Each structure stands twice: as C-alpha cells, then as structure tokens.
Amino acid sequence: MCKTPLHEFLAELPKCEHHLHLEGCLSPSLLFTLAAKNDISLPSADEDATYASPETLSERYSHFTNLDDFLQYYYRGIQVLVHQEDFEMLAWEYFTTAKRDGVHHAEVFFDPQSHTERGVSFDMVVEGFNAARARAEKELGITSQLIMCFLRHMPVQSAAETMASAVAGGHFDIKEGSKERAIIGLGLDSSEVGFRPELFVDQFHEGKERGLRRTAHAGEEGDPSYISGALDTLHTERIDHGIRLVEDPELLGRVVDNKVLLTVCPLSNVCLQAVKHVSEVPIKTFLEAGVMFSINSDDPAYFGGYILNNYCAVQEAFDLSMDEWKTVARNSIHGSWVGERRKTELLASLDACMKKHAGRSSVST
Ligand code: HPA
Ligand code: ZN
C-alpha cells in the first residue's frame, strides 16, 4: 500500500502482467514447506547459513548484489518443486495474489530446463501450471498464457532438446475446442552478459515458423546491442526489461516505430542493483518518447513485491497523472497476446475504472 492519493485507483486499475516467472513466486515459507514434503535437503548451516530458516532466507533476499547473485538462490529454490501438485500450488499462489492486485490477464514465464535437468518431466510441469491457469480463469476470471524460456547460460543443445520436448508433448498444438496452445510463446532468460541472444537464433526461427510469440530478456544488465540482437536475429515482438534502451536513441526510435512492448520491472531493477532507486528507471523518458511498456513484478517472492507494489513504487517515484496511467494500462492491453474479443473486454474494464475514479487528483489536497 502506497501513501499516494492514487492508491485506490492504482489498486483497481485493470492490469495485464507480462513479465512474471512462476518459479520466482516461490516464497521462503513455501520453499521450506515443499523441501520438507519432498524430502529435499537444503544447504546445511555450514554450507550456507542463510538457509537456517525462512526468515534468514528472506533477509538474504533483501541484498542481492546483481542478477547472478539472485539466480543462484532462484535455481537452488527451484529444486524443491518435484510433483505436479507443487507446480499447481505455486502457480495458484501467484494467481490468487494477482487477483488481489487487480490483474485481469497474465502472460507468465517458466523455465523448463531448470526442471528437466533434475529429471522432472516437462509434460508434468506444464500440466501442473495449466491446471492452475484453468482454475484461475474459472474461479478468478484471470485469463493467462504460458511462455517457456530458454536458459541462456546452458548449452544451445539443451535449448534445442527443450524445443523438441515441447513439440513432442504437443504443447504448441492448437487444441480443438479451446483454440489455444498450452504454450503460446518463447522467451529467453537467466544470466544476460556474455550469453548473446544470437546464440538461440535456430530455436526462435523454428518458433516463428510454428507461429509462436517471441520475447527475450535484454537490456537488463546487457548493453543496448543485446536489445537490437534480440529484435534483429530472434525477431522478438517484445523485450523483457529493456531499461538500457535509453542509452541508444536511434534504437529507441525503432522500438517506438515498431510498437515493441517493453516489460519493465522496477522493483526487480532496484533489487538486482541495475538502478539505485525506482526514480532511475526511465519511466518518464519512455512515456514522453511514446515507448510502449507494461509494469511487472518479475520474481515477486524474491524482490519484495507483487505487481501492485511495483505500480505504487512507480507512483511514489514519478507522481504520474491518471491519464499517464491510462496510457500504461492501455498499452499493456494492446501489447498482450490475446484475441480482439478479450482486448475489447479489458479496454471496457479500463474505461469503467477511469470513469469510477474520474476527478481524483494525484495531488493531495
Ligand atoms: N532476469 C533474467 N533471468 C531471470 C530473471 C530475471 O530477472 N528472473 C528469473 N530468471
Ligand atoms: Zn525476468
């Protein structure tokens, strides 16, 4: 909860989330619960004292030094996820919190290689996540899509095998009746610098041929050439993070002209020390230049906040007007990978929210 006069409006604003790692929703308490349930041993106090309790782990999460420092905890945590019900529970926790925060539509990432390399079946992971997605649509009215990410620190051969597993499992097939694919698109995540997007050109080319949507993390820690590399060689339609775009005005112009959506994650950027404070995230620059972006939570269990906390942090730092928030919400809807019918519904919810809160001012009186 923020102290700005727009808090109630921000809470009710219909949100689309486009940058959320389901594995990044594993809270320290769920991590300890699942470790006990699945008989997974956590590092001993000698190896890493941070695993003494959920509280010590939470405390460690409050001072990551960079992306790789975070990722070592993220991958270690993932190991407690073993059974289909674990994946379903994790995703359900996300959807219930997302509902509380006003999310109407979510496009969520998962990292298949982080499970298959431990012998956990690809198909089972997808089944678990999809069970939660179906329940979220039925019980919470949240529509969603699933995006599988390749881990860029792993050999390209592993990404090729992951692509083959998804094909063999029929996860890219358009299911009769639902007209939907279990997995709608491809993403690229993990350590950025030194693992250029160009490495994964074959997988993204195949994805394009198969009609999959495409996005990649770029410009989080990497310089703007990682962004142009993703756009030019992987033909991504979005860029995840992308905050370093401001360092290349010409590229920024291209992103505007081509209506590429950036999925910005302000609290993540602070936690991983890409910026010192939310006010350094180029929110105003992007708004003024006409860059389309959405605001997202990335790995909320690690970065101290779900999507509404991110909206509030932006409001505290930039004091945006209601019209500027309308632009953010509208661009988030237009940049979503959903059909026109759902977009029309989302736009109608946005209009209703704007009407309900009309007259509210960002300035307290
Ligand atoms: N960046 C890169 N890889 C990731 C992230 C991130 O923010 N979260 C989970 N995997
Ligand atoms: Zn991310």
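Me: Why does Asp39 count as exposed?
Reply: Asp39 has 8 C-beta neighbours inside 10 Å, so it counts as exposed. This is a predicted model, where local features need pLDDT of at least 70 and side-chain atom pairs count only at pLDDT 80 or more, while totals for chains, interfaces and linings use all residues. Residues are numbered from 1 along each chain as its sequence is written, and chains are lettered from A and ligands numbered from 1 in the order in which they are written.

Me: Why is Asp319 put in the class it has, with 14 other C-beta atoms within 10 Å?
Reply: The count of 14 makes Asp319 partly exposed. Its phi is also positive, near 50 degrees, again in a residue other than glycine. The loop that holds Asp319 runs between helix H15 (307-318) and helix H16 (322-334).

Me: Is Asp101 buried or exposed?
Reply: Asp101 has 20 other C-beta atoms within 10 Å, so it is buried. Asp101 sits in the loop between helix H5 (84-100) and strand E2.

Me: Which residues is Asp101 in contact with, leaving aside neighbours within four places in sequence?
Reply: Lys15, Tyr306, Ile307 and Leu308 are in contact with Asp101, where contact asks for C-beta atoms, placed from the backbone, within 7 Å. Asn309 is 208 residues from Asp101 in sequence, yet their C-alpha atoms are 8.7 Å apart.

Me: What makes E2 largely enclosed by the rest of the structure?
Reply: Eight of the eight residues of strand E2 (residues 103-110) are buried, so the strand is called largely enclosed.

Me: How many bridges link E1 and E2, and how many link E3 and E4?
Reply: Strand E1 (residues 15-17) pairs with E2 over three bridges, in the parallel sense; Lys15 has Val103 as its bridge partner. E3 and strand E4 (residues 185-189) pair over five bridges, also parallel, with Ile147 opposite Gly185.

Me: Why do E1 and E8 stand at the edges?
Reply: The eight strands form an open sheet in the order E1-E2-E3-E4-E5-E6-E7-E8, with parallel pairing. E1 and strand E8 (293-295) each have a single partner strand, so one side of each has no neighbour in the sheet.

Me: Why is Val255 called buried?
Reply: Val255 has 25 C-beta neighbours inside 10 Å, so it counts as buried. Val255 belongs to helix H11 (residues 249-257). Leaving aside neighbours within four places in sequence, its contacts are Leu245, Val260 and Val291.

Me: Which residues touch the most other members of the largest nonpolar core?
Reply: A nonpolar core is a set of buried Ala, Val, Leu, Ile, Met, Phe, Trp, Tyr and Cys residues joined through C-beta atoms within 7 Å. In the largest one, with 102 residues, these are Leu22, Ala91 and Phe129. H5 gives the most to this core, with seven residues.

Me: Which residues surround ligand 1?
Reply: The residues around ligand 1 are His21, Gly24, Leu67, Tyr74, Asp189, Ser190, His217, Glu220, Ser268, Asp298 and Asp299; each has its C-beta atom, placed from the backbone, within 6 Å of the molecule.

How values were computed
Buried ≥ 20, exposed ≤ 12 C-beta atoms within 10 Å, placed from the backbone. Helix = DSSP H or I, 4+ residues; strand = E, 2+ residues; numbered from the N terminus. Pairing = 2+ DSSP bridges. Contact = placed C-beta atoms within 7 Å.
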